[in-house]
Amino acid sequence: MEKYISVCPYCGSGCKFNLLVENNKAVGVEPLNGVTNEGELCLKGYYGWDFLNDTKILTPRLRHPMLRRSRGAPFETVSWDEAIGFVASKLTNIKQKHGPDAIMMTGSSRGAGNEANFVAQKFARAVIGTNNVDNCARVCHAPSMSGMMATLGSGAMTNSVGELENTDCVLCFGYNAAESHPIVARRIVKAKQKGAKIITCDPRHIETARISDLWLPLKNGSNMALVNAFANVLITEGLYNRDYVASFTEGFDAYWDIVKTYTPELVEPITGLKAAQIREAMRMYAGAKNATILWGMGVTQWGQGVDVVKGLAGLALLTGNLGHLNAGIGPVRGQNNVQGACDMGALPDFFPGYQSIKKPEVREKFAKAWNVASLPDKVGFSLTDVPHAAIEGKLKAMYIMGEDPAQTEPDLDLVRKGFESLELIILQDIFMTKTAMFADVILPATSWGEHDGVFSSTDRGFQRFYKALKPTDDLKHDWEIHGLIATALGYPMKYTSTEEIWNELISLCPPFKGATYDKLAGLGYVQWPCPDVSHPGTKFLYTGNKFTTPSGKGQLIAAAWRPPLDKTDKNFPLVLCTVREVGHYSCRSMTGNCAALTTLADEPGYVTINPADAAELGVRDQALVWIASHRGKVMARANVTERTNKGAVYMTYQWWVGACNELTVHHVDPVSKTPEYKYSAVRVEAITDQIWAEAYVKDAYSKIKHSLAAAIPATAAAVSKALEPV
Amino acid sequence: MNRFIAADSTLCIGCRTCEIACALAHDQSHDIESLTPSHFQPRLHLVRTFQVSAMATCHQCEDAPCLNACPTGAIFHDNQIIQVDQSRCIGCKNCVIACPFGAMEVVSHPARRVFAGIEMQNGVKAEAHKCDLCIDRAAGPACVQVCPTKALHVMDEEAIGETRRQRQQHSTLDSSTVRAVA
């Protein structure tokens with residue numbers, strides 16, 4: 001048996017383990033004493049690797065380049081030469097006819113690695129000539145990035161995962177650590193054991209709420225009102241650190257001007273919380289020697305996400321909980337390399353290392369390094385701009401790497417219309433997905449496990465992961481594919497290793513410069529900024545309370561509360577909020593192909609509902625129900641539980657039959673363009689004929705499964721045989 | 001005293017990593033790809049209420065109701081735990097009904113026998129499943145090993161002695177200021 005050091009390909013916790021291999025087959029994992037995981041793993045880490053063996057539980061692996069010459073025609077397996085030639089000629093054509101900004105690219109926040117993202121954005125900027133490149137941070141922590149950059153200067157977690165257990169107070173706001181990051185949840189549990197106070201702000205009685213000293217079950221959609229009331233209490237009760245505010249922050253007067261009206265008493269009807277609870281929470285937070293705020297999608301996936309992030313940063317600034325150990329604020333990253341895709345500049349407004357495309361000297365530096373005359377200065381499209389831009393004819397081509405927007409974006413009907421409006425869709429991925437069904441060209445890439453590289457964990461930690469399996473012959477590295485297309489487009493690009501790419505990128509990014517491959521070898525862990533090789537990396541940001549804002553001061557910025565866009569009414573009386581579940585990840589193209597994880601949870605997925613709402617609708621626990629919104633209707637299984645608040649239902653977004661994104665609204669934050677996944681008006685309908693409903697789920701599931709498998713010529717024969725009547 | 005798996009609800013995050021570890025540890029092939037919804041038989045189960053998340057499993061009772069209820073003597077006491085000799089289990093489910101913790105489960109699978117070199121079906125074979133502390137596993141109970149928050153422990157004589165000592169101390173200190181009225 002061989003052992004290869006790896007980093008878990010699922011959430012952003014950055015857990016290290018050995019991937020165990022026998023005869024080029026993955027056979028298990030063995031936890032390693034990594035910096036964030038300390039020898040522990042969750043179920044996805046322990047049992048989420050068998051997709052590497054192409055189990056075909058959900059979908060078959062993509063193994064050969066495929067293309068279709070017209071929409072609706074079946075895919076043909078082609079050679080790499082033909083696929084690359086096809087892509088290059090189509091892209092050239094579109095660029096000539098519509099300009100470079102008619103082409104959209106994505107990075108991948110998943111297994112591809114930092115090097116692949118660096119090359120993808122280089123391809124967009126230097127080869128195509130556009131800043132139209134984005135990654136799925138857009139639909140998760142983009143508001144954290146925008147909000148924290150404006151207030152503190154950097155968009156990442158200020159402190160480290162390991163520090164959490166030594167903080168004196170953890171304020172979890174819209175963050176369900178147990179489902180999203182079990183290995184971060186472990187630190188919260190340890191903090192509690194060590195005597196820390198825990199405060200949870202969440203409408204649901206989530207796992208953390210169970211161990212909390214205070215649980216604030218705010219009404220769905222009232223975040224900004226609560227955060228403003230928190231600030232109001234800190235100031236009116238004199239709980240804030242006057243010296244800190246005077247010395248290290250700016251904007252107090254304008255900030256106070258807004259938050260002064262948000263007294264806890266006045267926001268009671270908005271938040272549904274008693275004023276006393278709000279006051280007590282802030283007394284607890286401000287009373288702790290070191291306090292940490294953690295948040296997740298409960299803060300960011302709103303039409304008003306950026307403002308709430310700024311508000312949370314404000315609480316830390318008011319109390320001086322920044323710039324030192326065991327405190328800070330943490331947007332905990334959901335995908336294993338979503339931090340990395342952002343670090344690498346798979347963003348429409350930043351080069352790698354968060355260097356603004358608006359700065360001429362930055363553009364000049366990259367243009368020189370990449371040997372092009374100039375680089376574009378216009379901010380590119382965001383991922384969530386794609387459907388409308390495509391329908392309006394502004395976008396003609398999309399090159400998607402390792403993402404499944406046809407499953408994960410809001411309002412899937414709109415996404416499909418957008419895809420149909422595009423002239424060219426190139427998909428580079430490892431498994432057949434719903435998005436692949438819209439593609440004109442499919443380029444099969446190597447998977448995590450089959451290549452090496454560097455990931456960035458949620459706390460800015462660079463870690464190397466090593467190749468464990470030899471990929472089959474027709475697979476290529478993501479960066480190799482971009483290189484081949486670039487070369488065919490007349491921009492010779494040939495890298496021979498990820499280290500070569502890494503060296504290029506760290507030489508162009510001052511905060512990453514010292515994080516060399518040697519330093520990251522084995523269990524090496526380097527948190528940026530790391531300006532030179534002798535630097536150990538940075539555990540927590542803003543030492544000496546020097547912020548990286550233009551003035552060097554922390555910015556206190558408040559905003560008035562805005563209600564969610566969708567409105568519940570007689571027809572759609574419940575709020576749908578989309579959430580995570582611990583055993584599945586993202587669109588589930590990986591976890592859905594893992595036997596143990598699929599055994600624990602499979603189609604059509606659950607809709608959790610409070611017993612009172614269920615009783616009123618005549619819905620029994622475990623019964624199949626319809627969930628409908630203005631935009632669509634799907635079936636899911638009811639999970640009747642008191643942990644879910646009355647008036648709201650919750651679904652996870654990885655299911656095909658119970659695809660909650662058929663229901664979600666396309667309403668985005670004006671700054672970060674992140675969708676309001678957390679609030680769509682829906683109704684739940686009981687189904688009388690449960691036998692029919694069970695058959696419907698089975699049939700719908702098997703139809704999608706078979707259509708995806710049958711789209712691949714190599715597996716189509718086997719599928720049609722399997723479908724023959726016995 | 002019998003050893004048993006104790007679950008600490010204050011540490012449990014409800015992730016069910018232990019359930020998979022248990023199912024795999026007791027699967028003959030130990031092959032993850034053999035797991036399916038119909039072939040998934042963990043011997044501990046997550047229980048969730050509004051306030052509690054914890055694993056329900058066997059307490060290895062000293063005077064075990066499952067053992068007492070078994071009509072074929074399949075359930076026996078050895079090596080400080082309650083074990084099952086599957087060859088004697090008839091699947092009567094007396095143990096399931098007798099167990100106050102819901103920790104017993106009876107499963108059945110097609111039985112096979114070999115006759116004249118040919119393997120053939122031979123009715124069904126029942127098995128009474130319960131926690132056996134992974135007695136055949138060198139690294140000890142699989143659930144305890146994988147739990148990321150260390151919410152599961154093997155409670156043996158020493159551990160239970162320590163728990164009692166701590167509880168006695170706490171309760172004594174808590175009540176030290178209370179004076180009897182009489």
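Student: What is the order of the five strands in the open sheet of chain A, and is their pairing parallel or antiparallel?

Tutor: This is a predicted model, in which local features need pLDDT of at least 70 and side-chain atom pairs count only at pLDDT 80 or more, while totals for chains, interfaces and linings use all residues. Residues are numbered from 1 along each chain as its sequence is written, and chains are lettered from A and ligands numbered from 1 in the order in which they are written.

The open sheet of five strands has the order β10-β9-β8-β12-β13 in chain A, with parallel pairing. Its edge strands are β10 (214-216) and β13 (328-331) of chain A, each of which pairs on one side only. On average, neighbouring strands of this sheet are turned by 15 degrees against each other, direction ignored. Strands (E, at least two residues) and helices (H or I, at least four residues) are DSSP runs numbered from the N terminus, and two strands pair if DSSP finds at least two bridges between them.

Helix α12 (residues 275-287) of chain A lies across β8 (169-173), β9 (197-201), β10 and β12 of chain A, and runs at about 130 degrees to β10(A). Contact requires C-beta atoms, placed from the backbone, within 7 Å; axes are lines fitted to C-alpha atoms, for helices over the stretch in contact, and angles run from 0 to 180 degrees between N-to-C directions.

Parallel pairing also involves strand β16 (residues 397-401) of chain A. Three bridges join β6 (residues 103-106) of chain A to β16(A) in parallel, and five join β16(A) to β17 (residues 424-429) of chain A, also in parallel. A:Met398 is the bridge partner of A:Met104 and stands opposite A:Ile425 in β17(A).

In a regular strand the side chains alternate between the two faces of the sheet. From β16(A), A:Ala397, A:Tyr399 and A:Met401 point one way, and A:Met398 and A:Ile400 the other way. Five of the five residues of β16(A) are buried, a term for 20 or more other C-beta atoms within 10 Å of a residue's own, with C-beta atoms placed from the backbone (exposed: 12 or fewer; partly exposed: in between).

Conventions:
Contact = placed C-beta atoms within 7 Å.
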